[in-house]
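Hi,

Here is the model I promised to pass on.

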Amino acid sequence: MVGSNVEVDATMSLNGSLANGNGKSVEHLAVADVESFDPTAVVAEPVPPVVQANGEDGGKKREMVLGKNVGRCGGYPYNLDFDYGALSQLQHFSINNLGDPFIESNYGVHSRQFEVGVLDWFARLWEIEKNDYWGYITNCGTEGNLHGILVGREVFPDGILYASKESHYSVFKAARMYRMECEKVATLVTGEIDCKDFKEKLLLNKDKPAIINVNIGTTVKGAVDDLDLVIQTLEECGFSHDRFYIHCDGALHQKFHSRSLSEVSAFQATNCGCPMPCGVQLTRLKHINALSRNVEYLASRDATIMGSRNGHAPIFLWYTLNRKGYKGFQKEVQKCLRNAHYLKDRLREAGISAMLNELSSTVVFERPRDEEFVRRWQLACEGNMAHIVVMPSVTIQKLDYFLNEIIQGRSIWYNDEVQPPCLAADIGSDNCSCALHK
Ligand SMILES: Cc1ncc(COP(=O)(O)O)c(C=O)c1O
């Protein structure tokens, strides 16, 4: 059992290896510091035995439900390509980052240094000056959207929320929760926001500030909204830069987007390869005061959606970001894009409707007719569409296995009487292989 003494030691180890051990302040946690971080030094106790691939653990047979599901993970954007053996000892600690990551609270077992290190990493990726942002590690992508949109509402209390109809459902949930006026904007066949419709809606509401959710990868089609065009449209409609607030939902593809986000007010990202759900939320420092309140009980500032926060996630994220580095991530992204193109091309060669957006690793294709197949491959479906998000753990071998199964399945599902569905309205006639469009 972990007693209170051990917890105190843990605090010191977490702080000591970074702030004290290096003689550096938390703000200067650099990528190179990974060498001095020795997570195995935290506790000497052995971890519980790992269940082996054959399901055996100390002579007891167990059903490997988790393991079985991992191999065929397709439709949901979880990066399963990680090895955190070195951090397994952290399970002994209850790590909680409640409060503002940039302000010391009275609760000692925290990982705020790692949290700030992760935020800095993303700020650098997105080319935001260090003293220009505030942020925290969220519990999920939904929390990032709830936060980004709430800050927008606090900055512009009478602002209207604009979001394309293909935005994640949490965006519309935020509008309901905050009782905001919300305009759903039409999309192009790719899934990108339709700026013609956006313009019409803006012109009808010129008297109120605009809060815009811009997608950097929509949930179903992985479409990337054209941020430049969104800003240009706002300007053309007479919205000066102090009358709009842009939140970027990059839950899916933030790593693919390397351009400067200088006009953006808030950003979020998830899926960096972490064993627990989490996300990264950044917002302009100048905006966060509109939301935050001092809380004496915390001896900190409340500027987050949740109270307690997972303190393990920042350590795992920090570890993986620093181990891989920007170059490592770039390579991973290239691999994902290559593999996504491979999947799309093989599907089309097999006469299966399929689409892959630019800058995306989400391959959209004809929904398999067999629901058991859909469940087995954990495909996310909407109407006649299914998709696979090609994450780093989705290898060519897995894709080949999947392709063989779907091709085999289709030879049973379809015949002269039952034809594959038409996907022209969903993904465009050029990408549709139905009897009419092939
Ligand atoms: C674009 C987008 N935003 C937000 C979310 C919400 O993420 P979470 O399920 O982590 O709350 C998702 C989830 O898939 C998403 O695709």
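What share of the residues in the chain is buried? Buried residues make up 42% of the 438, where buried means 20 or more other C-beta atoms within 10 Å of the residue's own, exposed means 12 or fewer, and partly exposed is in between, with C-beta atoms placed from the backbone.

Two things to keep in mind. This is a predicted model, in which local features need pLDDT of at least 70 and side-chain atom pairs count only at pLDDT 80 or more, while totals for chains, interfaces and linings use all residues. Residues are numbered from 1 along each chain as its sequence is written.

The chain has 12 helices and 15 strands (DSSP runs numbered from the N terminus: H or I of at least four residues for helices, E of at least two for strands).

Now the ligand. There are 15 residues around it, and Cys140, Gly141, Thr142, His168 and Ala251 come nearest (near means a C-beta atom, placed from the backbone, within 6 Å). Helix α4, residues 141–155, gives the most to this shell, with three residues.

Next, a sheet. Four strands form an open, antiparallel one in the order β12-β13-β15-β14 (strands pair if DSSP finds at least two bridges between them). β12 (354–356) and β14 (380–382) are at the edges with a single partner strand each, so one side of each has no neighbour in the sheet. β14 is joined to β15 (residues 385–389) by three bridges, and Glu382 stands opposite Met385 in β15. Helix α9 (residues 312–349) packs on the sheet, touching β12, β13 (362–366) and β15 (contact means C-beta atoms, placed from the backbone, within 7 Å).

On to the nonpolar cores, meaning sets of buried Ala, Val, Leu, Ile, Met, Phe, Trp, Tyr and Cys residues joined through C-beta atoms within 7 Å. The largest has 63 residues, of which Val118 and Leu317 touch the most other members. Apart from it lies another core, of 24 residues, including Leu356, Phe365, Met385 and Ala386.

Why does Thr218 count as buried? Because it has 27 C-beta neighbours inside 10 Å. Leaving aside neighbours within four places in sequence, Thr218 is in contact with Glu166, Ser167, Gly191 and Ala223.

Cheers

Note on methods. Two residues are in contact if their C-beta atoms, placed from the backbone, lie within 7 Å. Axes are lines fitted to C-alpha atoms, for helices over the stretch in contact, and angles run from 0 to 180 degrees between N-to-C directions.
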